[in-house]
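Here is a friendly briefing to read alongside the coordinates. Please have your viewer open as you go through the points.

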Amino acid sequence: MSKQVNLTINGKQVTAPEGMTVADAAKLAGIDIPVFCHHPKLEPVGMCRMCLVEIGRPMRDRNTGQFVMENGQPKIQFMPKLETACTNRVEEGLVVLTTTEKAVDGQRGTVEFLLTSHPLDCPICDKGGECPLQNLTMAHGPGKSRFNYNEKQHLDKMIPLGELIYLDRERCIQCARCIRFQDEVAGEAVLGFDDRGRYTQIISVSDPGFDSVFSGNTTDICPVGALTTTDFRFGARPWELDAQASICTQCPVGCNTTLNIRREAKAGGEVVVKRVMPRQNEEVNEIWLCDKGRFTYHYTEGKERLTKPMVRRDGKLARASWDAATKFAAEKFNAHKKDFVVLASGRLSNEDLFNLKSLADTAGGEAILYSDMGGGELTQLVGVGAGTNLGRMGKGDAILVIASDLYEEAPIWWLRVKQAADRGATLIVANPRTTKLDRFAKYHIHYAYGDEIKTIHDFGKKSRISDEFAKAKNAVIFYGSEGLGVNGTSALASACAVLLKESGHAGNANNGLIGVWQRANDQGAFEIGFRPVPNLEKALKGKAVYIAGADPVGDDPNLAKALESAKFVAVQELRETATTEIADVVLPAQAFTEREGTFVSGERRVQRYHAAVAPKGDSKPDYAITAMLAKQMGVILQGTSATVVFDILSNSVEAFNELSYDALAQVREQWPIVGRSDMYYGGTTYENTKGMGVQLLPMAQAGGTVRIPKVRKEAALRPKEKELLAVPANKLYDLGVTVRTAGFLDGRIGEMMISMHPSTAKKFGVEDGRKVKISFDGVSAEAPVRLDETVASGVALIRRGMGIAIHEPVIAKIGGRVKS
Amino acid sequence: MTHILLRHRDVPDINKLSVYKKNGGFDAFKKAVTRMKPNEVTDVVKASGLKGRGGAGFPTGMKWAFIDKNNWPHYVVANADESEPGTFKDREIMESNPFQFLEGLAIACYAVGATVAYVYLRGEFWELAAFLDQKIAEMEEAGYLGDNLFGKDYSLRIFTHLGAGAYICGEETALLESLEGKRGQPRVRPPFPPSFGLYGKPTIINNVETFTNVPPIIANGADWYKNIGTADSAGVKVFSLSGRVRKPGNYELPFGSTFRNLIYEHGMGIQEGRPIKAIMPAGASSSLIVVDEKVLDTPMDYATVRTLGADLGSASVIVLDDTVDIDWVINKTIHFFKHESCGKCTPCREGNHWMRNLTERIHQGTGSGEDVSLLLNVAKQMQGKCLCALGEFATMAVVTGIERFPEDFKKAVKA
Amino acid sequence: MSLEKKYAKEIKQILAKYPPEHKRSAVMPLLYLAQREAGYINKEAMKEIAHLLDITETDVASIVGFYTLYHDRKAGKYRMQVCTDLPCALRGADEFLDKLCGNLGIKVGETTEDGLVTVESVMCLAACDRAPMFQTQGPDGIKYHEYMTVDRTMELIEALKGVKE
Ligand SMILES: Cc1cc2nc3c(=O)[nH]c(=O)nc-3n(C[C@H](O)[C@H](O)[C@H](O)COP(=O)(O)O)c2cc1C
Ligand code: SF4
Ligand code: FES
């Protein structure tokens, strides 16, 4: 802990860590000093001049360095001018006065100056009701404007900075919070000021505009209504909104969110989600959210939602009662007991997955995780220790990211890893391509696809990199599925686990392995016993399949074929999908917004989410549907409530033993203090009152034996002349249903493309933009070629989720006739 | 009198290397590098009483001594931004006596252990920058810049850097931001450049004229210099005289010379022999001094000018005669400050915008008495609140104009 | 046309002035280089400079916007920038500008029909003792013209007409 110093603010004794700003120290002591430009997550700039206060310093004797005393008290010398609380640091004996006539007059002056250029259009402003300027105007503003309203500048009010964020130039108060957030926190300086003086204006000239996946955060920290999201602007007035705690379902980071909801006539008087806001969890997402997490909740709405169970009769799906539908499915599964398979994805909660797994186990079926990525057993052994907080990593620590493009796969991890590097952590990025993280890395290792394991083994040899990694105080490895399928990732996880164990980086906080999973709760699925299989097509062929939260038919023609030949298919889903279309039974499930449950994040933090809106139609939570179906099969499972299921789960799965919903609801004090009453300080981020979750102990920390399975050697794929190596890579905005349904993201999704190095394209005689046919492993697709210098030669890089079914590296052929 | 700074007025062609050398050029630099320790150089400058000529008048030697010796490398930057309306002295020095300036800069570098220096010129000094580049190249060729100077283990390089039209870049931290390739907006101080300057490294910034004083100080000693000028302000100053005088221009005078001497002896008095109404001793940033005989006889040094309710600043003396209306003057100065406000801090950005609306209205004759008091009030509301001194500067002429020349404003709003 | 190709040598010289880890410092000289091309800085040039210095295009645009000597729009071949600040105004700069505009038949900020000259009014240029004065900003950089009269200015404009690229 850093040294504490004592000072007084408005006569109150305050203790604060050395180096803290006076504004922050006041906040800590419960004294509000108004601020606009200052934000506790940004470097102080002292530019808005809102936080003017009187500061007195104890006089020191020049010779002795001791305080000069007067009547037994240190003599305090005040500066003639007001000073900014946001740029002055606390010192021993400092005396701060924030409410004297002089200070208040200074603050009033700043508000008045700001209002001379402000449109005062609060009644139609999205920020009205949660606007710091509005609040401070009430508190400090003059009753009547001394500024001649006719001389007010009139500026553009609806400028799209990109497709996602709008700027109102009249409302902007030039505090630069948004610019500084993008530069300092996100490391993407895509916002800037144009011109100067009174003409200073925010601009973004990137292509596309405001090219950052963190853009939504600027609307939270903008202290006025200058920045608004395309999604929410004119959506509702903040005071009409209710709030419910949730967890983002988009990636394994597990960002804490708040769903803002409102009853709406437009929605037939139903309560609907109006926006997703960040909820503070300094150990997970701090006060940030990526745009994918913020904007992709629309898939829980719409006509495509399933509302009634359906059963196929005479080749057609027809409505049925819950009883009839589950009974029908149960009979089929019982009839094909030997061939019973449960296929579920990490979109489901622990409670859902636990019931599914219990059913499979009791009924003698197989439980398969719908994923291209393995290795979750290893994160159970040497995953990051409880107490991990990437926000505390820095100088002396090391972070290795291998086979993952964090920016595209888990943006908030990207941001936090980048910031750890900013604080001095050694960042090593190992990837066959250049990724956005490389800019912040101390070392990059550009290996060839297929050399992942070798790259990790090389850490066993002497080199500057391996030395620095081994000697690091703390070390974390992120591994992902770039260019790898189930086998490759499992082997990579083993190799990483061995490295961590041997270098002593397992079993402690801020040490261990993190899987960059494709879905939010893949880690939970592993904990519960689900495993992916290397050949899903084979595993499904001729089986009786119970699918939950997955669309294999839509994703992959080979899987579609396998399911066509299946004995029976029951699908439990939110929305109509290609898989529900071929199913024999369709069971409508509730969305995460409609029910409660828990997820396990990639850092193995178990976190709760809550029901915010009413369920659609007759849909039920997945765990309850499974319990109904199980009952019909003669298996007794709990399905009454998520809590009950969780209690059983925590009794049966060892790692969860100590957990309960109550434990997950605990909150700790967090810094910075954010909340609804002082929006000028932290922004509109929600305070966390519903729980920060609990991290599971990895075996290495729990004291169990850690035995790491041997890495299976797979022969590297070697394309022959006229062949190339097709590899999968992940993409943030893909054609997945969760992204696609938020129409305004279309531009960011882009189209299906085959990326290759110019030399490869030349060898195959294709140019940039030319449509080609690519075929491998029974898959054949057409897509335009995009030249990309960062892709290794001889390789075709294909993004997952963009329409070409690629799970793992394969030898591919290019050519053949292309329909134009 | 022979000139110490504007030596070209005594020695023709001193901007040629050979002529400069023949007249003792680079002896001081050689003396410093070969016979003095760096801190001895700083001590001599400290003892000479030299104060910064960029406006603030901060003791130069003291600034050099502040350089943080625990953080390296160190930089020295010459402030050649010269953008204060009424100031044109640095330009003449660099054009006509460039080597003395560069030598002074080099000595400063030696004193603080810098091996790289930048000369930050306002963008308009485009031709001058090319000229200095050529002079720097000549120095390199002659062995006054480069590696192992005078056979000692000391190397130095000097580079020019052009601004691009922004008065604020004369403010030292805005200048550094600009030199770092950013928008020229001031930083919060402290930390000050001697501990956190260019690229976050300890940096000494001085005005061109300040550096130009250094070679003769090193050559002739601190006492020689201290004996020139007044007790408060040692040495000589180049006064940029402009406005309604017959003969505007730069005049190098010892501190303590009177306004009368400057304006009537050197500037040949006022056009058409009219009376002087006001003096702005520090350019557009200046307070307006109401002129009477006593004022004209006031010796010009930093302390004494302060007794007149103004700062000497960079000594750019703008003379206003009785034909000039003060409401017009402040409309001009506020036009300037509104144009040059960087926009970073609220009071300066908004205050200048507001003030300009008011001065324009008042000057156009559509303003009211209330507008005048509002203007005064807005100016005072800015004072002491801004991030850098520009905002403060903007209020000077307004406040002193309204308070010291109330008649002009009564006349302007009489409608 | 790519700056990097056309001005390879100059770019190298410019970059050599600054520590390699602070090459962003070169943005201002590079912008002058880009402006030489067409009298203003276009989007492509900003993009290229951003790329050269490893900063964003928005960073570059934001710098162009801050400084008055950089232009993101085309104007006359020469910008005739007349100082009308206080000291020059005390010596007749405003009247000079008025007359000059009258002679050219344009208003301040406008460009002569032949596209040769744009007349602008600017802040102090550190030539207060030599008013009326202006600078020309053109393909050959920035030049000062001091102790000017309208007649001498018209002569200068005539002479500029004859200047070849
Ligand atoms: C708005 C503003 C403009 C300034 N302009 C200049 C300038 O053009 N030239 C200069 O030397 N100093 C200027 N200064 C002063 C510098 O900030 C700094 O004090 C000076 O360069 C220090 O050098 P000196 O100690 O040699 O005077 C300016 C200050 C402010 C606040
Ligand atoms: S006082 Fe003016 S110039 Fe200085 S920081 Fe504030 S806005 Fe910028
Ligand atoms: S100046 Fe302190 S909050 Fe803006």
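Leu6(B) sits in the segment before helix H1 (17–22) of chain B, where helices are DSSP runs of H or I with at least four residues and strands are runs of E with at least two, numbered from the N terminus. Leu6(B) is buried, at a relative accessible area of 0%; buried means under 20%, exposed over 50%, and partly exposed in between, with a 1.4 Å probe and protein chains only.

This is a predicted model, in which local features need pLDDT of at least 70, side-chain atom pairs count only at pLDDT 80 or more, and totals for chains, interfaces and linings use all residues. Residues are numbered from 1 along each chain as its sequence is written, chains are lettered from A and ligands numbered from 1 in the order in which they are written, and side-chain values use heavy atoms, with hydrogens and water left out.

**More on Leu6(B)**

- Leu6(B) and Tyr251(B) are 245 residues apart in sequence, yet their C-alpha atoms are 8.5 Å apart in space.
- Beyond its neighbours within four places in sequence, Leu6(B) is in contact with Glu92(B), Ile93(B), Val238(B), Asn250(B) and Glu252(B); contact means heavy atoms within 4.5 Å.

**Ligand 1 and its surroundings**

- The shell around ligand 1 holds 19 residues, and Gly54(B), Asn79(B), Asn206(B), Asn207(B) and Thr210(B) come nearest; a residue is near if one of its heavy atoms lies within 4 Å.
- The side chain of Asn207(B) places an N or O atom 2.7 Å from an oxygen atom of ligand 1.

**Buried loop residues of chain A**

- Asn281(A) is found in the loop between strand S16 (270–278) and helix H6 (291–295), and it counts as buried because its relative accessibility is 0%.
- Leaving aside neighbours within four places in sequence, the contacts of Asn281(A) include Asn256(A), Arg605(A), Gln670(A) and Met692(A).
- Thr685(A) belongs to the loop between helix H23 (679–682) and strand S31 (694–695), and its relative accessible area of 0% makes it buried.
- The side chain of Thr685(A) reaches the backbone oxygen of Ile287(A) at 3.4 Å.
- Pro223(A) lies in the loop between helix H5 (216–221) and strand S13 (227–229) and is buried, with a relative accessible area of 1%.
- Pro223(A) and Ile173(A) are 50 residues apart in sequence and 8.4 Å apart from C-alpha to C-alpha.

**Backbone points to check**

- Most residues other than glycine have a negative phi, and most peptide bonds are trans.
- The peptide bond from Trp671(A) to Pro672(A) is cis, with omega near 0 degrees, and Pro672(A) is in the loop between helix H22 (661–664) and H23 of chain A.
- Pro190(B) and Pro191(B) are also joined by a cis peptide bond, with omega about 0 degrees; Pro191(B) is in the loop between helix H8 (172–179) and S4 of chain B.
- Asp13(B) has a positive phi, near 60 degrees, and is partly exposed at a relative accessible area of 42%.
- Met268(B) has a phi near 60 degrees and is partly exposed at 46%.

**Chain C at a glance**

- Chain C has eight helices and four strands, in the order α-α-α-α-α-β-α-α-β-β-β-α along the sequence.
- Its C-alpha trace spans about 50 × 30 × 25 Å along the principal axes, and 58% of its 165 residues count as buried.

Notes:
A polar contact is a pair of N or O atoms within 3.5 Å; within protein, one must be able to donate a hydrogen and the other to accept it, and residues adjacent in sequence count only if both atoms are side-chain atoms.
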